[in-house]
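Me: Could you take me through the aromatic contacts and the packing in this structure?
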Amino acid sequence: MYLYQKIYDMARKKKINKLDIYSFYMDYFLEHGESPKTVFQLAKLHNFDEAQFYEFFGNLKAVEKSIFESFFDQTMTLLHNSEEYIGFDGRNKLLTFYYTFFEILTANRSFVLSVLERDKNSPRFLKTIASIKPGYLKFVKDLEIEKLDLKDARLEKMMGRSVEESLWVQLILCFKFWMEDDSASLEKTDIFIEKSINTAFDLLNVQPLKSVIDLGKFLFHEKMQMN
């Protein structure tokens, strides 16, 4: 009788997918202010077989990171499906990424704030959002932001990494600003994004530096000829 009942219970349990797990996890976190204690607890609460969870994740910690990755993936999908975006230069592509990404975060603001506020003053804050770092750095690299031609492959590679890491730090600063923003429609975050991106690109603008170098070379050659 027990075996029959167990088989019957398994048969009537629902089939779930990764998005279902995201929803179950986020709802639990918002209602209880913490993550579920065990996979069994989450499975029992939503009437699905615990084994289904492990088809997608190795543990509950992986769910949280995957949710943040999904926010990034949604952003990139929206961008790549936009014909207008494809024609943008690097600066406007980055601006569009930020506006789209933070719109998605805002749509899930209660959950995102709950998670990040929990970790704000601990190394876990960076670990939580670090799940999107590889994708973000690749995105920045693909923008092909113009950098100074240093005539040395190693130095140029180091400079490229420096630019990418600087823009990663900038994204973290935008995260923190967005978390603290209490303005209507989070309009201050939009302003902060625009000003910080424009400032970053102005600092990366190699044309003025090239002009200084060209001027220096010209003056040097002029002096050599005079001597």
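Me: How many aromatic pairs are there?
Reply: The count comes to 23 aromatic pairs. Rings of Phe, Tyr and Trp (its six-membered ring) pair if their centres lie within 6.5 Å; planes under 30 degrees apart are stacked, over 60 edge-to-face, and the rest tilted. One of these is the edge-to-face pair of Phe29 and Phe111, with 5.7 Å centre to centre and 80 degrees between the planes. This pair links distant parts of the chain, since Phe29 belongs to helix 2 (residues 18-32) and Phe111 to helix 8 (residues 109-119), 82 residues apart. Helices here are DSSP runs (H or I, at least four residues), numbered from the N terminus.

Me: What is the geometry between Phe101 and Phe102?
Reply: Phe101 and Phe102 also form an edge-to-face pair, at 5.6 Å centre to centre and 75 degrees between the planes. Both residues are buried. They belong to one aromatic cluster, whose members include Phe72, Phe97, Tyr98, Tyr136, Trp168 and Trp178.

Me: A check on the source: what kind of model is this?
Reply: This is a predicted model, in which local features need pLDDT of at least 70 and side-chain atom pairs count only at pLDDT 80 or more, while totals for chains, interfaces and linings use all residues. Residues are numbered from 1 along each chain as its sequence is written, and side-chain values use heavy atoms, with hydrogens and water left out.

Me: Which charged residues sit over rings?
Reply: The charged end of Arg109 sits over the ring of Trp178, 4.5 Å from its centre. Lys93 lies over the face of Tyr85, at 5.5 Å from the ring centre. The criterion is NZ of Lys or CZ of Arg within 6 Å of the ring centre and within 35 degrees of the ring normal.

Me: Turning to the core, which residues touch the most other members?
Reply: In the largest nonpolar core, of 59 residues, they are Tyr98, Phe101 and Tyr136. Helix 11 (residues 153-180) supplies the largest share of this core, nine residues. A nonpolar core is a set of buried Ala, Val, Leu, Ile, Met, Phe, Trp, Tyr and Cys residues joined through side-chain atoms within 4.5 Å.

Me: Next, helix 3: which residues are buried?
Reply: In helix 3 (residues 39-46), Val39, Leu42, Ala43 and His46 are buried. Down the helix axis they fall within an arc of 95 degrees (taken from the directions from the axis to the C-beta atoms), so they line one face of helix 3. Phe40, Lys44 and Leu45 are exposed on the other side. The buried residues of helix 3 pack against helix 2, helix 4 (50-53) and helix 5 (60-80).

Me: What follows helix 3?
Reply: Asn47 follows helix 3, and its phi is positive, near 55 degrees.

Me: Where is Ser185?
Reply: Ser185 is in the loop between helix 11 and helix 12 (187-204). Although not a glycine, Ser185 has a positive phi of about 55 degrees. Ser185 is exposed, with a relative accessible area of 71%, whereas Leu186 counts as buried at 11% relative accessibility.

Terms used. Helices (H or I, at least four residues) and strands (E, at least two) are DSSP runs, numbered from the N terminus. Buried means under 20% relative accessible area, exposed over 50%, partly exposed in between (1.4 Å probe, protein chains only). Contact means heavy atoms within 4.5 Å.
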